Amino acid sequence: MKLRRLGLLFVVLAMVLAACGGDTTDTTDTTTGPEPTEAPGTTGAPDTTQAPDTTEGDGTALRWRTRPDNEEEAAVYAGISDSLAAELGVDLQYEPGGTETAGYQQTLLTELAAGTAPDVFWLPGTDIADFATRGVILDLRALADASDHNDDDFYPGPMFHLSFNPDSGNTGEVLWGLPRDVSTFALYMNVDLIQEAGVDDPRELAANGEWTWDKFVEVVDGIGALGGEVIGYGQSSWWGPYGFWINAAGGGFFNSDRTACALDTPESVAGLSALADLYATSSVVPWGEDAEPTFRAGNVGLFQNGRWATPGIRTVGFDFDVVKLPDGPAGPSNWLFWGAYVVNADTADPEAAWKLVAALTTAEVQAQVAESGANIPSRVSQEALDAFLTFTPPENNQAFLDGLSENPAAEGPLWAGSWPEFVSVMDAEVGAVVTGSKSVDDYATTICTLTEPAFAG
Amino acid sequence: MVADATPVRSTGERPVWLVGLAMWQLLLGVATAVGFGMVASSTGIEIVGTPRPLTMAALGIFSILALLAATWIWRFDHRGRLIAFILNLVLAAVAGFFTLQAVNVFNGLDALSATFGDGLPFLAVIAVGWLLSGWSRGRSGRWERILLTASRGLMIVGAAALLLSVGLIPGLWTFLTRIVLPPAIIYLAITVFSIAALRLLKTSQVTKAFGSTSKQLEVMDGIAFVSPNILGFLAFLAGPLAISLFVSLTDWDGLSEASFIGLRNYIDLFADPFFHRSLLNILYFGLLAIPLSIIPALGLASALNMKLPGMRLFRALYFLPAVAGVVGVALIWKQLYNATIGYINYAILQGTELLNLLPFLDLTAPQPQWLSNPSTAMLSMVIVFVFSTIGFNTVLFVAGLQGVPPSLYEAAELDGAGIWGKFRNITVPVLAPTTVFVTITTTILALQLFSEPFILNAPQLSPNGPANATLTPVIYLYQNAFERFKQGYASAIGWVLFLIIFVITLIYFRTQREEGVLTK
Amino acid sequence: MTTAAVTARRRHRRRSLLGKLGIYFILGFFALLMVFPFVYMAASALKTPADTFRYPPRVLPRQPTTLEVNGEQLPLFLLPIIGIDTQVVLVEEGIEAGVFVDPGTPQQELAWPLALATPTGGQATLEGETVEIYSVQVGSTSTDLALKRNTVVGGFESAAGEETFAVVRTAPAAETVSAEWKNFSEVLERPAMERALSNTILVTTLVVAGVLFTSIMGGYAFARIRFPFRNAIFVTYLGSIMIPFIVVLVPLFQLMVAFDWINHLGVLVWPFLFNAYGTFLMRQFFVGIPGELDDSAVIDGATHWTILWRIYVPLSWPAIATLGTFSFLYAWNSFVWPLVAINTANNESYVLTIALRQLGGQAVESPNLIFAGIVIAVVVPIALFVAAQRYFVENVATSGIK
């Protein structure tokens with residue numbers, strides 16, 4: 001009896017002790033109680049604040065993070081991390097961030113608030129403004145000028161936003177980061193389905209200049225006619241894919257200086273209307289259902305996505321290729337997507353962080369990444385483009401490069417307001433129109449009033 | 001426990017332990033008073049914002065009580081003993097907390113979890129040993145002893161192996177190296193002293209000296225026993241609740257300073273179209289889901305109560321969705337809801353084809369896009385919610401029916417009552433209190449809908465669903481707090497929702513009381 | 001017994017037999033509805049990815065039967081040759097073909113190589129369009145059919161050397177019911193799944209132990225120890241059950257940030273070691289234990305502590321089992337708090353609910369893996385529930401409803 005109680009006590013104590021074991025895995029070494037943070041409600045014990053991560057070791061250690069689309073991409077970046085660590089002589093720890101669906105940006109913001117964010121991380125182009133205006137990423141202009149960096153080495157679309165100073169409205173004064181790569185959209189095709197359906201091959205139509213929206217609908221209907229689980233067309237329900245339709249009709253999300261909503265212009269509305277018709281009358285993957293797994297299972301004929309999806313799609317079990325997006329009423333159109341490496345404003349070693357960013361965007365590293373099939377290098381170079389064409393499959397890589405030259409709309413943040421707020425309203429309204437629960441006319445009259453709060457800053 | 005005794009007071013002669021206790025209380029009183037002064041004048045300790053008046057209040061009250069206790073102990077007044085007990089209990093808890101925090105035991109769970117996987121098989125060994133000991137009780141003498149020793153041996157060996165495999169030795173070392181450093185050693189000292197004081201306060205010699213009655217001793221026991229619950233409640237529930245109320249009156253964003261803005265959040269909420277939409281959605285959801293989760297459960301429970309063979313199996317099957325957890329259930333339904341290859345649409349198709357066999361029918365099967373279509377999106381949530389809840393409610397009703405004597409039913413039968421009559425006149429009134437309970441809990445669950453839309457809409461749609469069809473107040477709260485970093489606004493949403501739930505619950509209670517049901 | 005009563009009895013017996021059948025039918029129907037998704041889950045956990053995307057969907061997992069040809073495993077198909085379903089292998093792909101129909105029965109389509117079709121020069125109308133008639137040679141017979149559209153077929157050959165043609169995608173594969181058990185090991189190999197499993201066990205064990213300990217102590221105090229304001233405190237404490245978790249979510253989160261517990265596994269354990277409902281449950285149970293037991297123990301000089309653990313606890317195994325099971329289910333299945341408190345990038349501190357949700361997003365191409373993950377997450381609570389069912393179903397509400 002006494003033994004049992006003693007035994008129990010021993011177990012509890014031992015668990016407590018065991019809990020202290022192996023603490024070298026702890027990244028934050030708080031040996032104190034609650035901190036006197038600005039958080040209300042803390043019973044402040046007056047102690048030291050947290051130090052940012054510095055693991056005891058030789059020299060600098062940096063943590064960096066990207067958001068890989070799939071495991072193959074994560075493996076590529078892990079390999080690059082190892083080779084750069086040797087090259088730069090710093091301790092690099094690569095963290096593959098959550099998937100698209102797991103709130104990559106939100107996690108970063110939470111970590112930035114708690115002081116546990118990585119030193120260098122990748123951000124989608126649209127989020128640069130949000131992070132810059134919160135003051136959580138570093139202005140690299142001074143460090144860049146001191147090195148051999150040149151803004152013109154990179155595509156102008158991304159560099160415009162990366163060097164935009166929201167306070168003065170000028171470009172070139174600041175540098176929020178360097179673009180990792182660029183990407184355009186194309187249509188991934190299930191060639192087997194196209195042949196089985198006996199429709200015209202879109203690649204031939206594109207070569208003949210006949211690849212229009214009407215022809216596109218014909219192909220989609222033809223594939224859909226196969227019935228069963230076969231669907232003609234699929235796209236994701238975020239702003240990239242549906243934005244193409246709006247852009248290709250001559251419209252756009254914003255006016256030319258990106259200070260107001262332009263979704264209610266006749267062209268924008270016409271584009272969205274065409275998309276809604278497509279969903280209503282043709283065989284399309286239901287709005288909101290993930291089209292990629294269905295495409296990879298071989299059940300979808302045409303699938304709109306960016307270049308970054310290529311490494312994942314290479315593993316499908318059918319014959320696939322790509323074709324450029326069909327020409328809209330206003331001619332060919334595409335998105336120029338980009339993301340950038342930025343530096344955490346609280347990093348312990350800004351110089352090392354800048355060096356990492358510069359190293360990650362050299363032509364060699366970019367070529368390495370592009371070779372794995374993902375994305376196009378962000379450095380303007382014919383060599384890079386030529387090399388890109390050789391990274392097959394898909395055979396028709398030219399489709400992506402066509403997108404580069406054919407009037408792409410550069411993805412960009414909303415300096416004049418809050419992009420996340422704008423997008424959440426736009427997503428909901430567009431979804432309502434596409435699924436038929438809201439009429440296009442209602443949408444046209446209300447959309448820009450609904451998105452006004454996003455511009456209030 | 002000692003019966004009432006005349007207090008023993010040795011005038012002028014105070015035992016050592018009494019002096020020690022009084023000194024300890026005095027020391028505490030003085031120390032906290034000094035702390036109070038330091039915080040008040042911001043010398044040496046820097047606290048800004050709201051914690052400051054709170055800390056000052058806490059230190060001040062503690063100081064006054066400690067000094068009071070010191071004097072009372074000196075005077076052999078029992079109240080001193082009680083106050084000292086409470087103060088030392090709180091101090092032991094707080095100092096103990098700080099000690100463990102300083103030695104990083106709380107977060108050390110991470111390290112334990114890394115090696116815990118290795119220790120799992122030994123946990124199984126312990127479990128086997130425990131089962132064996134329970135099994136051994138029914139056996140005959142010799143076997144009982146053998147099994148008992150075997151089981152004990154197994155448990156000890158298993159425990160030892162478990163602790164070693166999860167890193168007891170390195171943990172011991174880290175613990176020792178950490179605890180000898182200030183501030184850990186200081187906190188530890190305070191904890192040890194307060195625990196010593198507590199033990200001392202409970203000894204019989206103290207009881208004799210103070211002349212405490214058994215009733216007074218019981219009070220101390222009671223406080224000791226409820227302290228884990230109450231302290232935990234204050235720290236992790238009441239405290240945050242109060243903070244939440246305060247935060248809802250600020251514009252805090254979780255990252256920077258908060259500024260007081262009064263009822264601005266609530267006013268904004270009142271005019272917020274998204275919030276309106278979420279309320280509409282949850283109303284639609286509730287009106288469908290709550291009755292559907294309760295009424296069939298009532299019927300099923302009365303059927304189960306017929307005490308036919310196999311009832312236990314049915315009960316177990318009905319409980320299954322509740323046991324499985326919301327994430328698993330939602331992911332399964334996500335596959336079932338797939339408009340193209342999902343089983344539900346396929347079943348509808350097959351069912352329609354079956355119906356079409358009838359010569360005069362020629363229907364086309366509706367193949368709704370369950371999760372993509374704004375008209376069916378919320379309905380999909382209703383179905384999943386009902387699926388998860390109906391079994392649980394059935395089991396609750398069955399338990400409620402357990403107390404009904406079967407003679408009641410037999411009497412009704414002899415009077416010629418049919419199934420429906422029995423149900424209406426016996427089952428329903430008997431179950432009235434259970435029905436209230438079930439309705440309230442189901443309503444509270446339904447109004448807090450979050451996980452189902454969150455999981456079913458991912459990854460393509462936001463949790464709001466197509467055209468905000470599945471936006472619920474809790475989802476809106478989550479988005480404001482953790483995606484838009486408007487924590488003040490989110491707190492306000494929480495309080496408004498709480499108010500709504502509270503009012504609805506009150507209405508339920510009122511209606512039941514009017515029908516004279518709750519007077520049971 | 002009067003004749004009327006006898007007749008009433010007989011009528012009642014007849015009615016009751018019918019009634020019983022009716023009851024079983026209703027109960028069975030609902031049970032089927034409840035259980036089908038789980039059966040589907042378990043069966044799909046054993047499928048291959050291709051099988052999960054199949055249409056029409058089937059419950060049982062199937063994989064194609066294969067035949068070894070020249071050292072390779074080739075899938076077998078079941079195609080009709082001269083009306084008899086024969087097992088064939090695919091020998092050629094990408095043959096230019098056409099979809100031929102008889103204009104009289106446009107639903108029946110025949111996909112056949114164009115090489116085996118010769119145009120007759122005739123024409124017909126099909127769905128308002130003019131189409132050409134071909135003489136199509138199938139085996140040894142030729143039929144005149146209209147060409148609906150072009151397509152691509154594959155060439156198949158049976159063991160006997162007979163050949164046939166069909167669209168490869170829709171050619172029915174010869175399949176057998178077969179379980180892909182390696183789905184489970186594959187799911188556990190994914191980053192964080194195995195760790196999530198052991199983390200969940202750890203967290204749940206600690207929470208259950210904590211809740212049991214504090215609830216037993218607290219319940220006993222509220223039931224048996226007299227101290228001032230006891231009832232007021234109890235009612236207030238009980239009232240806290242009504243507070244929805246979301247009201248406390250944000251400030252509790254901030255408190256955890258202040259303690260620096262966020263993103264560490266402990267944050268899922270420490271705030272939840274006490275539970276008002278558990279205390280309430282134990283208190284209700286303890287109140288029902290006769291007080292005379294205390295008195296005799298008091299005379300023997302026992303303290304409250306010994307009375308509690310020596311006398312009350314051994315008498316309360318049903319309530320403890322109930323409480324333990326409920327706490328277990330609550331801790332094992334909790335989703336919202338881990339979602340908020342653990343960062344998505346922190347693989348090492350996952351619990352099963354978030355790992356499962358992550359899997360649901362990452363493994364969209366292989367729903368069979370998602371199902372395997374769900375099976376793993378669900379099998380422990382179900383096993384525990386089945387074992388403890390005996391105890392708690394009677395207890396769960398008898399103490400709560402009053």
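Okay, a quick definition before we start: when I say "domain", the bounds come from an automatic or database domain assignment. Also keep in mind that everything here is a predicted model.

Let's begin with chain C. That assignment divides chain C into domain 1, residues 63–177, and domain 2, residues 184–401. How many Å separate the centres of domain 1 and domain 2 of chain C? It's 62 Å, taken over C-alpha atoms.

Now keep that in mind while we look at the overall dimensions. The C-alpha trace of chain C spans about 110 × 80 × 45 Å along its principal axes. Its radius of gyration is 34 Å, while a compact globule of 402 residues would have one near 21 Å. In terms of secondary structure, chain C has 13 helices and ten strands. Buried residues make up 44% of its 402 residues. And if you take the contacts in chain C with a separation of 6 or more, 67% of them are between residues 24 or more positions apart.

Along its principal axes, the C-alpha trace of chain B covers about 110 × 70 × 55 Å.

Chain B comes in three pieces, and two of them are put together from separate stretches of the chain: domain 1 is 16–105 plus 181–247, domain 2 is 116–179, and domain 3 is 267–324 plus 374–514. As for burial, 44% of the 520 residues of chain B count as buried. For the contacts in chain B with a separation of 6 or more, 72% come from residues 24 or more positions apart.

So how do B and C meet? In this model, 87 residues of chain B are in contact with 89 residues of chain C. Which helix of chain B gives the most to the side that touches chain C? That's helix H9, residues 214–247, with 18 residues. And the residues on that side of chain B split into 61 nonpolar, 21 polar and five charged.

Last stop, chain A, where I just want to show you one sheet. Four strands of chain A form an open sheet, in the order S6-S7-S5-S8, with mixed pairing. At the edges sit strand S6 (231–234) and strand S8 (320–323) of chain A, each pairing on one side only. From one strand to the next, the twist averages 20 degrees.

Let's zoom in on one pair. Strand S5 of chain A, residues 185–190, pairs with S8(A) in the antiparallel sense, over four bridges. Which residue in S8(A) is the bridge partner of Met189(A)? It's Asp321(A).

Helix H9 of chain A, residues 213–224, lies across S6 and strand S7 (300–306) of chain A, and runs at about 135 degrees to S6(A). Helix H17 of chain A, residues 398–405, lies across S5 and S8 of chain A, running at about 155 degrees to S5(A).

Terms used
Residues are numbered from 1 along each chain as its sequence is written. Chains are lettered from A and ligands numbered from 1 in the order in which they are written. This is a predicted model: local features need pLDDT of at least 70, side-chain atom pairs count only at pLDDT 80 or more; totals for chains, interfaces and linings use all residues. Two residues are in contact if their C-beta atoms, placed from the backbone, lie within 7 Å. Helices (H or I, at least four residues) and strands (E, at least two) are DSSP runs, numbered from the N terminus. Ala, Val, Leu, Ile, Met, Phe, Trp, Tyr, Cys and Pro count as nonpolar, Asp, Glu, Lys and Arg as charged, and the others, Gly among them, as polar. A residue is buried if 20 or more other C-beta atoms lie within 10 Å of its own, exposed if 12 or fewer, and partly exposed in between; C-beta atoms are placed from the backbone. Two strands pair if DSSP finds at least two bridges between them. Axes are lines fitted to C-alpha atoms, for helices over the stretch in contact, and angles run from 0 to 180 degrees between N-to-C directions. The radius of gyration is taken over C-alpha atoms; the globule rule is 2.2 Å times the number of residues to the power 0.38.
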